[in-house]
Amino acid sequence: MRRSQAIAAVLARLRDEMVVTANGWISREACAAADREANFYMLGSMGLAAPIALGLALTQPARRAVVFDGDGNLLMTLGTLAMIGDLHPPNFLHIVFDNEVYGSTGGQRSASANVALDALALAAGYVDVRRAVTAEELDVAIAAQLAGSGPAFLLVKVDAEVNGTAPRVPHEPAAIAERMRKAVGTVMIG
Amino acid sequence: MSRSAAFLQLLHDARFDFFTGVPDSTFQPLLHALESDPELGYVTAVSENVAVGIATGSYLGGHRPVIFMQNSGLALAMNALGSLAAIYRIPILLVVGWRGHDGSDSPEHALLGAVTPALLDALRLPFFVPDAASLPADVARAAQTLEARQMPCALLCRPGVVC
C-alpha cells in the first residue's frame, strides 16, 4: 500500500476528529489529500506529533484526537507510548504509517524493520491495537477504531518511497495553530 | 500559606490552567502539591521536548499551559521550542529551575547553569529572573508577555524562590 493512499483513505473516514500529522511527507500528503481546519500539520519538531495530540485529547475529552505518525517519528520519543498507556485517554487514536525507513531524508533504514511497534504499544497499555497491511485491512481497522474506545493504535505497513510528489504545506505555522483552535471552538470564528 | 501554595495561587490568579513538566528537585514541594490537587492536575512528561508538545496541544485545546523543568531540560527542549512553540506562536509559561546559577553546584550543572540565560536569548525567548520579593510582579509580567508576544516566556528560578 502506498502511504499517500493510506493517508487519503483514513482522512476520507474522518468527521470532526482533531488530527496531528508528523513532519515530512506525512504532513504534505495529508494536506494534499484533504486540507481540513482540524488538521495540525507539523513542519519541524520531529517526534512530537503524539505529544501534541495527547495535549489535545486531554483538554478536549469530547472529541477524538488522531495522530498520523511515522516510524522514525515515534521512535524518537518512544517514551510517549508509556505516557499514553498510563494516562489512558479513551479519545486517542495513534496511527503509525510505517515504511521502515526515514523517507523524508533519503530512505535510511529505521529500527521498525525488526521491532514491532504495535507490540510496544500493546505492552504500554493501549487497549485496541491493530495492524493493517492491505487497503481492506486498513478500512476495517479504521472503521472499528473510530467507533470504539481507546487509547487505540493502528500500525499501517506502507511502501518505502523516498521521493514523494505532494507539495509543501502552503499555510504559515501560526495560521495552522489558529485554524485548529477555531476548529475545536476555543476561539470565536470571524 | 506555604511558598509553593502561594506560587500556585499566583499561577491560578494569572489564569494558567494546564500543568506539565519533568520533575526537578528545585520544585519538589510544588510538584507534590500539584500532583495531590485533582483540580489543578499535573501531567508528568517523559522529557522536556515532549512536555513542549503536550503543552502545545493543550493550548490548541483552549488552555493556558505551564511547563516545569530544570534548566538541563531546557537545553533538551531547544528544538521543540524553536521549531514548534516559537514559530506556531504558542504562549507557554516555562518555569525553569536554575541549577548551577552561581557556579557552586555539582559538575554536571556548571556549564549549562552558566549558559542558561544565553540559551533563552539565543532562541529569542523573553524571560524573567524573580527573587522572592519580585515573584508576584514577575508572574504578572510573564503573563502579559505571553499575551503580547504569543510565544513561550520563562521564569528562571533559583532554588528557594518559588518553593
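This is a predicted model: local features need pLDDT of at least 70, side-chain atom pairs count only at pLDDT 80 or more; totals for chains, interfaces and linings use all residues.
A:Pro151 sits in a loop of chain A, between helix H7 (135-147) and strand S8 (152-157). The predictor gives the complex an ipTM of 0.96 and a pTM of 0.97. Chain B averages a pLDDT of 95, and 100% of its residues score at least 70.

A:Glu100 lies between strand S4 (92-98) and strand S5 (101-102) of chain A. Its phi is near 65 degrees, a positive value in a residue other than glycine. Is A:Glu100 buried or partly exposed? A residue needs 20 or more other C-beta atoms within 10 Å to be buried. A:Glu100 has 19, so it is partly exposed.

Chain B has a positive phi to inspect as well. B:Gln150 is not a glycine, yet its phi is about 55 degrees. The residue is placed in the loop between helix H7 (135-149) and strand S6 (153-157) of chain B. B:Gln150 is partly exposed, with 14 other C-beta atoms within 10 Å.

Now turn to strand S3 of chain B, residues 65-70. Why is S3(B) described as largely enclosed by the rest of the structure? Because 6 of its 6 residues are buried. In a regular strand the side chains alternate between the two faces of the sheet. In S3(B), B:Pro65, B:Ile67 and B:Met69 point one way. B:Val66, B:Phe68 and B:Gln70 point the other way. Both sets are buried.

Which strands pair with S3(B)? One is strand S1 (residues 18-21) of chain B, which runs parallel to S3(B) and is joined to it by 4 bridges. Here B:Phe19 stands opposite B:Val66. Another is strand S4 (residues 93-97) of chain B, paired with S3(B) in the parallel sense over 5 bridges. In this pairing B:Gln70 stands opposite B:Gly97.

Finally, look at where the chains meet. In chain A, 26 residues are in contact with 25 residues of chain B. On the chain A side, the elements that give two or more residues are helix H3 (49-59), helix H5 (79-87) and helix H8 (173-183). H3(A) gives the most, with 8 residues. What is the make-up of this side of chain A? It divides into 16 nonpolar, 9 polar and 1 charged residues.

How values were computed
Residues are numbered from 1 along each chain as its sequence is written. Chains are lettered from A and ligands numbered from 1 in the order in which they are written. A residue is buried if 20 or more other C-beta atoms lie within 10 Å of its own, exposed if 12 or fewer, and partly exposed in between; C-beta atoms are placed from the backbone. Two strands pair if DSSP finds at least two bridges between them. pLDDT is the predictor's confidence in each residue, from 0 to 100. Two residues are in contact if their C-beta atoms, placed from the backbone, lie within 7 Å. Ala, Val, Leu, Ile, Met, Phe, Trp, Tyr, Cys and Pro count as nonpolar, Asp, Glu, Lys and Arg as charged, and the others, Gly among them, as polar.
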